[in-house]
Structure formats: structure tokens, C-alpha cells
Amino acid sequence: MRVAVVGPTHPIKGGISHYTTLLARSLRKKHDVLFISYEYQYPEIIYPGTSQTSDDKNPIIEETEFLWHTLKPWTLTKIARRMKEFKADVVVLTWVTHFFGWHIATLARRIKKIVGCPVILLCHNVKQHEDRPLETPLTRMAYESVDGFIVHSEEDRTNLIKFIPDAVVKKNFHPTYDIFASVAAWTRPDARADLGVPDDSPMVLYFGAVRPYKGLKWLVEASPEIIKNIPGCQVWCVGDYWDGPDEFESMAEKSGVLFDKNNPGAGGVRIFDGYIPNEDVGKYFAAADLVVLPYESATQSGIVQIAYGFEKPCIVTDVGGLPEVVLDGVTGYVIPPLDSESIAIKTAEFFNGGNALKEKFESEIIEWRKVFDWEHMVSTIETLKEEISHN
């Protein structure tokens, strides 16, 4: 099968860029793949984070053609013509945000006219986490233009059916990111030495972009109780703070748990603001004992899949697709959202369980993560392509 994949890749930063690149890599094990990405993605004025690109020393890359410029609509025709030249049997487009609604709708129509093959939309978020102007009409415009959908959670499937009641849709869990364990092979002692974390200090990790819906404030609010129950615990809050870290530093300082480098044995909240390059991602997960996702809303998360790649259990909230991927009491804990007390209770339960509980979680994660192998995503694309081709 000849598959055209369209989505972000290096030098564009972030989890979806990693995802699309690894998808192309996995498809290439069985199929011929044309991988197309952006020459230019977002106008800076609508991108609230820091730089859209990264300077990773060890980027995750695949052979790519950079053809799409979102401010040059004629590049959509150029992409469709390149797919025709490639003789694509199916096209997989990446859906991230309604900013691309018109672009996806136009590209899908041109693919059908010029190439004549089915178009699959791989949806990372069917509905945005925060309400945005024009979200509904632009999203509907895109969804009505494609032939089939892949989602990562039941919540996304439900949201999609609200847009397109007769949608042809398959659910496939977000695959595991085990790539970061091989990009740079950090051991726990080396990672902790580099970060300045004593070997015997319990370490909790929040990782990833910091936006309101991700609920970091609930972890920071829980931190005084965590450190009281687990002396010396370090709570690391690592990521690209879209609105700056001041709010969280102030919270930790006012509650007396902001980390003091002159007294590292006391533990505390450690704030690190910035995008983490690929070669350093593994350092934080190798050093950590427990990963916390205190999200207020979610559909799925690549952070859980990075954690599973390092055999780390997760505390997640009971929102979106998170309870589908973290088995409560088996590969981590599922707690109510907006609940700092539950974060503190489950963190204490984990560390008080000692090595026996830690080893139990690790063995369960090793077995459970087989469900999230990239081969399953390749199979889902193959099956969906056949289904929509015969409709």
C-alpha cells in the first residue's frame, strides 16, 4: 500500500511532531510512505507558547518533503499533485486544531479530485480543550470533507459523532513513546546526578506544556501534604509554561515548599520552565519515581506513553481517555479531577508501598504497554482504508 502522511515533524517541536514522525516510520516497515510536513506552520501571533521549533541535538526524523505553507493556499494543490505523482492509495491527515479547518477541508477536496483516493483524519483532539472563536464551523468544515477518522479515546469518538453522526471511525490508543529511552540512554543514577536529585530522595514529575486545563496548580497545591507525608520528596514541574511560571512559584513559596538548593534534602517544588529537547526527555523520566497528570480536561496524553516507555506509573485524573490507558491500582492511579487531596493520598500510598509496590507496577506496565504498540496503529489504518474504500 502507498500511504501519504501529512503532519508536523522536526524542526517543529512537541509531542504531535514526534507522533507523526514515528507513525511514518512505523508505516514504512510495511508500506511505501510519502511524508509531507510544513514549510511554515502557525503565524506567531496565534501561537501563545515560545518558539514553534526546537534545536534538538538528537531529533526524531524521517525522510520528509516540506511542502505546506499555511499562508500560501496554493501549496495545498502542490501537495495533492505530489500525492498523485506518488500514486497514493490512501492519505492520512493530522488534525490538531480548528486553525487548520479550512486548510484540511480544501486539501481533502483537492486530494479527492486530483488523486482520487480516500482521506483519513487522525484526530489528536476532536474538540479543543479551551473554547475558541469559529471552532465549531471550521471543525465541521474539515470533518465533512474526509472519508474516515481515527481517534484515541471513547470521549473523542463521542465528540466526533456529535459532529458527524454517520462517521466511519476507529479507535486506536495513543501508541507508546519508547523512543526516548534510546535517544539518550539515561540511567537513574546518571539522571539524578545531572539533575541534582539525591539517590534516596522520592521524586514526583509533572512533564509537558503548562496550560490552564492541565491543572498543574492542583499538584502544587498538594505538595505541602506530599512533602509532609514523604519527607525529602522533590516535586518537579517541568515544561513550557505558556503564561510563565510565576503563579506556581508564588504558590509554592507561600506554602513554604519552594525548593531551596541550599537544603536539597528537605525536598520541595522545583520549577523548570522551558521546552525539553529530545536528548533530555529521558533524563527526567529515568530520574522520577512517579508521574502525575492532574488534568482538568483531556482526551488522551502522550505523557502517559512516555512514562510507560520508562516503566513509570502515573497518577491521572478521571477525565477523557486517561482512565482507559491507566489501570487504577495496576499501572497507576485514577483520581477525581480538581482534587489536590487525592493527589497527596495516592502519592503517599505509592511511596509507602516500597519496592514491592514499585516492582509490581513496573511488571504490570511492561505487559499492559503491549496494547499500545505502533503496529496496532498501522493495522488500524489498513483496516479503515479497506472499510472506506468499499463504502
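Student: Where is the place of Pro11?
Tutor: Pro11 sits in the loop between strand 1 and helix 1 (15–27); helices (H or I, at least four residues) and strands (E, at least two) are DSSP runs, numbered from the N terminus. The peptide bond leading from His10 to Pro11 is cis, with omega near 15°.

Student: What sort of model is this?
Tutor: This is a predicted model, in which local features need pLDDT of at least 70 and side-chain atom pairs count only at pLDDT 80 or more, while totals for chains, interfaces and linings use all residues. Residues are numbered from 1 along each chain as its sequence is written, and side-chain values use heavy atoms, with hydrogens and water left out.

Student: How many helices and strands are there in the protein chain?
Tutor: The protein chain holds 15 helices and 13 strands. Along its principal axes, the C-alpha trace spans about 65 × 40 × 40 Å.

Student: What is the order of the seven strands in the open sheet?
Tutor: The order is 3-2-1-4-5-6-7, with parallel pairing; two strands pair if DSSP finds at least two bridges between them. Strand 3 (65–69) and strand 7 (169–171) are the edge strands, each pairing on one side only. From one strand to the next, the twist averages 25°; axes are lines fitted to C-alpha atoms, for helices over the stretch in contact, and angles run from 0 to 180 degrees between N-to-C directions.

Student: How many bridges join strand 1 to strand 2?
Tutor: Five bridges connect strand 1 (residues 2–6) with strand 2 (residues 32–40), and the two run parallel. Within strand 2, Asp32 stands opposite Arg2.

Student: Which strands does helix 2 touch?
Tutor: Helix 2 (residues 74–86) packs on the sheet and touches strand 1, strand 2, strand 3 and strand 4 (90–95), where contact means heavy atoms within 4.5 Å. The direction of helix 2 makes about 145° with that of strand 3. Helix 4 (residues 135–143) also packs on this sheet, touching strand 4, strand 5 (119–123) and strand 6 (148–151), and its direction makes about 165° with that of strand 4.

Student: Now the sheet of six strands: what is its order?
Tutor: That open sheet has the order 10-9-8-11-12-13, again with parallel pairing. Strand 10 and strand 13 (332–335) lie at the edges with a single partner strand each, so one side of each is left without a neighbour in the sheet. Here the twist from one strand to the next averages 20°.

Student: Which residue is the bridge partner of Leu205?
Tutor: Leu205 has Trp236 in strand 9 as its bridge partner. Helix 8 packs on this sheet, touching strand 8, strand 9, strand 10 and strand 11, with its direction at about 165° to that of strand 9. Helix 11 (residues 302–309) packs there too, touching strand 8, strand 11 and strand 12 (314–317), and its direction makes about 175° with that of strand 11.

Student: Where does helix 8 bend?
Tutor: Helix 8 bends by about 45° at Ser223, and Pro224 follows within four residues; the bend at a residue is the angle between axes fitted to the seven residues ending there and the seven starting there. Among the buried residues of helix 8 are Trp218, Ser223 and Ile227; buried means under 20% relative accessible area, exposed over 50%, partly exposed in between (1.4 Å probe, protein chains only).

Student: What covers the buried residues of helix 8?
Tutor: The cover includes strand 8 (203–207), strand 9 (234–239), helix 9 (246–254) and helix 13 (340–352).

Student: And what about phi of Glu311?
Tutor: Phi of Glu311 is near 60°, a positive value in a residue other than glycine. Glu311 occupies the loop between helix 11 and strand 12, and counts as partly exposed at 25% relative accessibility.
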